[in-house]
Amino acid sequence: FESPGGGSLASLAAPGPMRLGEAPTINALWSAVVVEELVRLGVTHFVICPGSRSTPLVVAVARHPATTFVVCNDERGAAYYAVGYGRATNGGKASAACLIVTSGTAVANLLPGIVEAHRSSVPLLVLSADRPADLRGVDANQTIAQPAIFQQFVAWEKDFPAPTVEYPLEALLADIDFAVLKMGGLDQSGYGQPVHLNFQLRENLAPEAGPVRGAPHLPSGDFVACHRQLLLSAPAITRWRTSA
C-alpha cells in the first residue's frame, strides 16, 4: 500500500526531519545522513519491506519531508515493483527506486528482481540491513552471508561496518555518491544498473537512546553524546549540513 510523505509509518518517528545534532543513536545519525544524501542526489522514492533490523533506515525515510514510499510485505514483489518504477519516466526523466529490506532471507528474496533489473539495464538501489560482523558465522537468528549475495548482477556493492566514529561521515557521503553514480539511470537515457549497499546495524535499532537491548548497562545515547562534536564538526560536514 502506498504511504506518501510518511503515511502509516508516521508513528515510528517524530514529525519533521531530524537535526543531526539531535540524533539519539549513531544508527539514527548514519541513517539520516544516508537518506538526506540520496534525496539530494534525486533518489526520493523508497520501497520498504517491514523488518526489525532495518528500523533506523525506515525511520529516516519516514521523517524526511521530501520522500515518498510504499510498503510491501513480500520482498520478491517489492523488488519487481522497484524494477517497474525504474522503468517508468516522470516528465521525460528517468526514475529510480531505493529498496530497503531487513536481514536474512529477506535479502535473498530480492534476487529475481535484481537479475531482471540487471538484464534490463534498470537503475535500482538496494539498502539491506545486516547483523554486525561479530554475529556472522555463529548461527545468529536471521543471519546469512549477505555481502556479495548478488555478485555479478550489480554494478557495485559495499558492506558497511557497524556505524562508528572511526568511519567518518565524509566517507559515508562519498560512498553514497559513488553508489548513485554507479547505479546511473537518473538522466534522460534511463539506462542504469542495480547497486547493493549492506549496512551492519547494532542495537539500539529504535529511534531512542535508552538501554541497549541485550546489554542494559550500555546506554546507547552516550556514544553520540560523547562524539557528536567529532562526528559533525568537520568542515566538509558543516558545509553539507547547511547546504540544500
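Two strands count as paired if DSSP finds at least two bridges between them. Strands (E, at least two residues) and helices (H or I, at least four) are DSSP runs, numbered from the N terminus.

This is a predicted model, where local features need pLDDT of at least 70, side-chain atom pairs count only at pLDDT 80 or more, and totals for chains, interfaces and linings use all residues. Residues are numbered from 1 along each chain as its sequence is written, and side-chain values use heavy atoms, with hydrogens and water left out.

**Exercise 1.** Which strands does β1 pair with, and how do they run?

*Solution.* Start at β1, residues 45-48.
- Step 1: look towards β2 (residues 68-71); four bridges link the two strands, and they run parallel.
- Step 2: pick a residue pair here, and you'll find His45 opposite Thr68.
- Step 3: turn to β5 (residues 97-101), again parallel to β1 and joined to that strand by four bridges. His45 has Ala97 as its bridge partner in β5.

**Exercise 2.** Are the residues on the two faces of β1 buried or exposed?

*Solution.* Buried means under 20% relative accessible area, exposed over 50%, and partly exposed in between (1.4 Å probe, protein chains only).
- Step 1: check one side, where His45 and Val47 are buried.

**Exercise 3.** Through which helix does the chain cross from β1 to β2, and what is the hand of the crossover?

*Solution.* 
- Step 1: follow the chain out of β1 into helix α2 (residues 55-63), then on to β2.
- Step 2: apply the rule: with the strands pointing away from you, a clockwise path from the first strand over the helix to the second is right-handed. This β-α-β crossover is right-handed.
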